[in-house]
Amino acid sequence: MEALPRLTACAALALAAGCSAHHDPPPVPAGFREYRTGAYAFGYPAGWTPHGGTDDSGAPTLDVDGPELPSGVDDGQIHLARRDRFTGGLDGQMAQFRGLALLNGYHLTAVRRTALDGADARRVEARYTITSTDGTRTPMHLTGLYVLTGRRTLLEFMIRSPDGGSAAARVPAILGSFRLREGR
Amino acid sequence: MSPQQRSPDRLPDRGASVPEYAGILALVAAVCASLFVLGVPGQTSDAVCRALHRMHLRDACAAGGGNGGRTDPDEPTTACTTGIETKYLEETVTIPTRINVRTNSRGTVQLTRRVGADGKTTWEVTDFTWGEGAAASPDFDFGFGKFGIWGGGQFTNGTVYSFDNEKDAKKFFDDLVDHRIGNTAKFVVRTNPITGGFSWLIGKTPWVGKYYDRWIGGSEPEKKPSADYQEGGPTGGFKGELNLWKVKLPFKGRGWLIDGTRTDHETGQRTTYFTRKGEGEVGVLVDLGDVWKALPKGTRERAAAGAADALALAVDEIGKRLAGKGVELSPAEIDKIKGQIRLNPNIGLNVKHRGQTTWAYTEDKDGDPISLTKTGNSQNVIYFRADGKAKGSLEGDKGELTAGKQWILSSQRTVTDKTLDYDDPQDRQAFEDYARTGDDGALDRYFDGGGGRMSRLTYDVGGDTGKLDAKGEAGGRSKFGGLFESSTEHQVNTLTGAQYYKPGEGWVPWKRCLG
């Protein structure tokens, strides 16, 4: 029976060190739910609602909406889009993002190169203002990532949050929870 | 010219063909938008002088001695496209699966002739493939994880090769057409969004790979490209958020499609093309019988005899019916209609108008903005029907005919470029105002008042664009095994007019472009 405590100790150590045979994404923060697919996973605040949609070119998108504020603006929204077998590059994608930001009146505050789980990525931040039906102008903040995996899957992960809402404080945790998975 | 008689805007059984238009029109916009900023003061005057010489306006040169090297600050500094020849192959594949997969690929080889700011002519051959991947489904939850097909949307890829003489460019163009498009079946396998991926993979396997590539038409020419196009990626949900929330839209229909990004290898500049979703086509049917009824008795006979005033009355009346749908006729189009009325005062006209706005955003190699160009690309195709009656059809928004034959009387494209120079503080302010308010009228007033630069180019559109066009006509399309259809088309755009805008004077001839 001597082996047992050692095995248990080893197992406990393994768990603590996170060295399981599987490379699962880390657990999501407290109060968050996980959205997991074959290619990526991320955490979002419980109480936010995921739903599918399409973008202007008919490609599917995923949006996770926070609760609605009295102004009609959602208190936070995650927007995810994906292109498989993307034949372009991230620099071209950034040119497109900058153009769209200009056309939509967004003010870019940060664009920088980064990496996510070994894949090339870009991080963007922007500010803009939207006007609600009652005329209220709400300053907004956008933080996002573009990731291009080795299998040429392009992922766009955007988080929008209004000034004066509770979402802004959760953006770093949401962004930090975004991970790539094996099926990419 | 091959006997294929198709017009580019057929496919009446397919609903949304805006992405197709976007692809084709974007090509035209691309060559006229601010790709190069080649302001070369001093040299322009010689080119202008030569052009004026050719137009027998020698005095203008002699007097000013070449106008002292001054360039007109209102003259656009961009290259001007004087001709475009396009050959394209389109194939549509419908694969019946649980998730209905219908995909579409287009391959285009295009030869473009342009005159730069220095007056020199260059040629470009663009090898383009784009497709609409309709295979797209969001993630379905299978209990053990979510999976979906995310190949949706449209994609574009292209390579550009530059030449300084027409002979080499034409040979390259012809060779590339044969190589890329020559064989429909191979083209389908290579470019179709579903099978295309596998084709690429086979091309990469050792000792079979390199021969497969050449056979399938996927191998690249030896010549180094001068630029390439990359497909439009996700649109960041910029419009989506405005839809989902109960917010007041700054202006309606702000959804943007990305046609693609062009990277110039020499300068590192990138230009991205955006078009607005939802712009489409208008069709107007006009029966001359109705026109004569609205005019004084005897007008028809006098018009057939060639009386100028009677013809003018007729085209005026036709113009009113078209204006109601937002379509305007150019002087050249009016002349052609008059000519046809003289031959047969009982004709019917079918006028199809397609207009699209494209924004081209150019940044330098470091990602800093250089310019923004708003391009209006409109095309009128005027068909005439000898029998004068649209049998069994009603005049409506689509202008479709249910039976009968018609012929193209005129096909003209007008490309209007409005460019804002990001280095100019006033231009930049105008753009920022536009981005905030979406007020097209205010932006146009800025240009009309002398801000920015404007040019207007008119092209005759010919080639195998279809002398014959009637709904249900199968000409030029082939079906293979019920799964896919292909069609080949050939279009030639020839410059017939070029102007730029001088505030205080209006539209003046753009001699550098025409000369």
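In chain B, 74% of the contacts between residues at least 6 apart in sequence join residues at least 24 apart. The model is predicted. Chain B holds 15 helices and 18 strands. Of its 515 residues, 43% are buried.

**Helix pair α11 and α12 in chain B**

- Two packed helices are described by the angle between their axes and the distance between the axes.
- Helix α11 of chain B covers residues 308-323, and helix α12 of chain B covers residues 331-343.
- Their axes come within 10 Å and cross at roughly 120°.
- An angle of 65 to 115 degrees would count as roughly perpendicular, and one over 145 as roughly antiparallel. α11(B) and α12(B) are therefore oblique to each other.
- The crossing of α11(B) and α12(B) is right-handed.
- On the α11(B) side, B:L311, B:A314, B:V315 and B:I318 make the contact.
- An α-helix has 3.6 residues a turn, so residues three or four places apart point the same way.

**Helix pair α13 and α14 in chain B**

- Helix α13 (residues 425-437) of chain B packs with helix α14 (residues 440-448) of chain B at an angle of about 165°. Their axes are 9 Å apart.
- Angles over 145 degrees count as roughly antiparallel, so α13(B) and α14(B) are roughly antiparallel to each other.
- The crossing of α13(B) with α14(B) is left-handed.
- α13(B) brings B:A430, B:D433, B:Y434 and B:T437 to the contact. α14(B) brings B:A442, B:L443 and B:Y446.
- By class, the contact of α13(B) with α14(B) has 5 nonpolar, 1 polar and 1 charged residues.

**A strand residue in chain B**

- B:T263 is found in strand β9 of chain B, residues 256-264.
- B:T263 has 22 other C-beta atoms within 10 Å. The cut-off for buried is 20 or more, so B:T263 is buried.
- B:T263 and B:Y229 are 34 residues apart in sequence, yet 6.4 Å apart in space, C-alpha to C-alpha.
- Leaving aside neighbours within four places in sequence, B:T263 is in contact with A:G92, B:A227, B:D228 and B:R270.

**Helix α2 in chain A**

- A:G92, a contact of B:T263, is one of the buried residues of α2(A).
- Helix α2 of chain A spans residues 90-103 and has 14 residues.
- From first C-alpha to last, α2(A) reaches 20 Å, close to the 20 Å expected at 1.5 Å a residue.
- Because 12 of its 14 residues are buried, α2(A) is largely enclosed by the rest of the structure.
- The buried residues of α2(A) include A:Q93, A:M94, A:F97, A:R98 and A:L100.
- Just after α2(A), A:G105 takes a positive phi of about 75°.

**Positive phi in chain A loops**

- Most residues other than glycine have a negative phi.
- A:D117 is not a glycine, but its phi is positive, about 50°. A:D117 lies in the loop between β6 (107-116) and β7 (119-132) of chain A.
- A:D117 is partly exposed, with 15 other C-beta atoms within 10 Å.
- A:R152, also a residue other than glycine, has a positive phi near 65°. A:R152 lies in the loop between β8 (137-148) and β9 (154-162) of chain A.
- A:R152 has 15 C-beta neighbours inside 10 Å, so A:R152 counts as partly exposed.

Methods: Residues are numbered from 1 along each chain as its sequence is written. Chains are lettered from A and ligands numbered from 1 in the order in which they are written. This is a predicted model: local features need pLDDT of at least 70, side-chain atom pairs count only at pLDDT 80 or more; totals for chains, interfaces and linings use all residues. Helices (H or I, at least four residues) and strands (E, at least two) are DSSP runs, numbered from the N terminus. The expected span of a helix is 1.5 Å times one less than its number of residues. Two residues are in contact if their C-beta atoms, placed from the backbone, lie within 7 Å. Axes are lines fitted to C-alpha atoms, for helices over the stretch in contact, and angles run from 0 to 180 degrees between N-to-C directions. Angles under 35 degrees count as roughly parallel, over 145 as roughly antiparallel, 65 to 115 as roughly perpendicular and the rest as oblique. A crossing is left-handed if the near helix is turned anticlockwise from the far one by less than a right angle, and right-handed if clockwise. Ala, Val, Leu, Ile, Met, Phe, Trp, Tyr, Cys and Pro count as nonpolar, Asp, Glu, Lys and Arg as charged, and the others, Gly among them, as polar.
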